[in-house]
Amino acid sequence: MKPAPFAYHRARDAAGAARLLAELGDDAKVIAGGQSLVPMMNFRLARPGHLVDIGGLRELDYLRAESDGSLRIGALTTHHAVETAPDGVIGPGFRVLRDAMSWVGHLPIRTRGTVGGSIAHGDTTAEWCLLAVLLDAELTALGPHGRRVIPAAEFFHGFYTTALEPDEILVEITFPAPAPHAALTEFAERRGDFAIVSTAVSLDLGPAREVRGGRVALGGVAPAPVRSPEAEAVLAVGAAAGAEAELFTACTHAAAAAADPPHDANGSAAYRRTLIRTLVQDACEEAMTR
């Protein structure tokens with residue numbers, strides 16, 4: 001398959017890309033690694049009249065650990081760059097980000113695909129979208145009128161729909177606080193395929209490694225990645241060290257019972273609830289070992 005005809009524009013800097021988008025209007029799309037947009041164009045699922053290429057903007061390619069404990073990631077940082085980042089940049093507090101990259105497609109995709117591109121694409125099962133929701137990421141958009149910061153909880157609106165305006169580009173992702181006891185897991189029919197269901201858990205552990213609470217995020221069960229307040233309410237009850245098994249089981253059942261997953265060619269709603277129970281359990285147990 002080949003894409004429909006389009007005009008190609010190469011941005012020289014981030015501000016110039018935003019100006020181009022404002023000039024070209026709703027018929028323009030941003031392209032960076034192209035791992036999401038190009039396949040959609042080839043199948044004629046997307047037919048932009050203009051492509052604004054920001055792939056060469058090195059100003060948006062960085063990983064930076066800040067003194068306040070936060071982690072800043074430039075939108076053009078590749079999945080593989082996160083996967084291979086040294087401990088001095090991604091230490092134990094953000095190990096979940098590095099480990100989650102093994103679930104992203106295959107090596108060629110991770111080498112070309114970008115963090116910002118994945119989040120801006122807004123796939124409900126995408127690993128970066130799920131991590132952003134789980135860890136309360138702050139997403140910085142740049143438009144003709146400057147920058148604005150959008151909380152991850154307000155960014156994802158539905159299937160491939162986000163809070164980005166047509167004349168804005170995503171320039172930075174900030175994870176404000178470390179999550180040393182977090183894990184992400186998912187299920188697909190083949191390794192590297194899009195997940196049918198994905199889950200991520202971040203536990204709050206006390207000094208004796210007792211569970212004091214936590215966060216649970218689900219992908220593939222709604223039009224956008226979502227938190228599970230019902231599962232989190234169970235974790236908030238807490239459990240002493242070594243007595244968390246019953247708590248985790250209750251958490252998985254609460255997450256599955258409260259979810260309203262779709263029924264489609266990839267599986268029924270009941271099947272997805274079974275996956276939720278299994279995957280949340282796995283994520284809880286893995287997070288506990290961190």
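A helix axis here is a line fitted to C-alpha atoms over the stretch in contact, and an angle between two axes runs from 0 to 180 degrees between their N-to-C directions. The model on screen is predicted.

**Stop 1: two helices.** Select residues 245-258, which form helix α9, and residues 269-289, which form helix α10. Their axes are 8 Å apart, and the angle between them is about 145°. The crossing of α9 past α10 is right-handed. To see the contact, show the side chains of F248, T249, C251, T252, H253, A255 and A256 on α9. On α10, show R273, I276, R277, V280, Q281, C284, E285 and M288. Sorted by class, this contact has eight nonpolar, four polar and three charged residues.

**Stop 2: the cysteines.** Stay with the helices and select C284 of α10 and C251 of α9. The structure has zero disulfides. For C284, the nearest cysteine sulfur belongs to C251 and is 4.3 Å away. A disulfide needs the two sulfur atoms within 2.5 Å, so C284 is in none. C284 has a relative accessible area of 0%, so this residue is buried. Next select C129, which also counts as buried because its relative accessibility is 0%.

**Stop 3: a threonine in a strand.** Select residues 197-205, strand β12, and find T199 within the strand. Is T199 buried or exposed? T199 counts as buried, because its relative accessibility is 0%. Beyond its neighbours within four places in sequence, T199 touches residues including L130, A183, L184, A217, V280 and A283. V280 was already on screen, as part of the α10 side of the helix contact.

Methods: Residues numbered from 1 in each chain as written. Predicted model: local features only at pLDDT ≥ 70, side-chain atom pairs only at ≥ 80, totals over all residues. Heavy atoms only, no water. Helix = DSSP H or I, 4+ residues; strand = E, 2+ residues; numbered from the N terminus. Left-handed = near helix turned anticlockwise from the far one by under 90°. Contact = heavy atoms within 4.5 Å. Nonpolar A, V, L, I, M, F, W, Y, C, P; charged D, E, K, R; others polar. Buried < 20%, exposed > 50% of the residue type's maximum accessible area, 1.4 Å probe, protein only.
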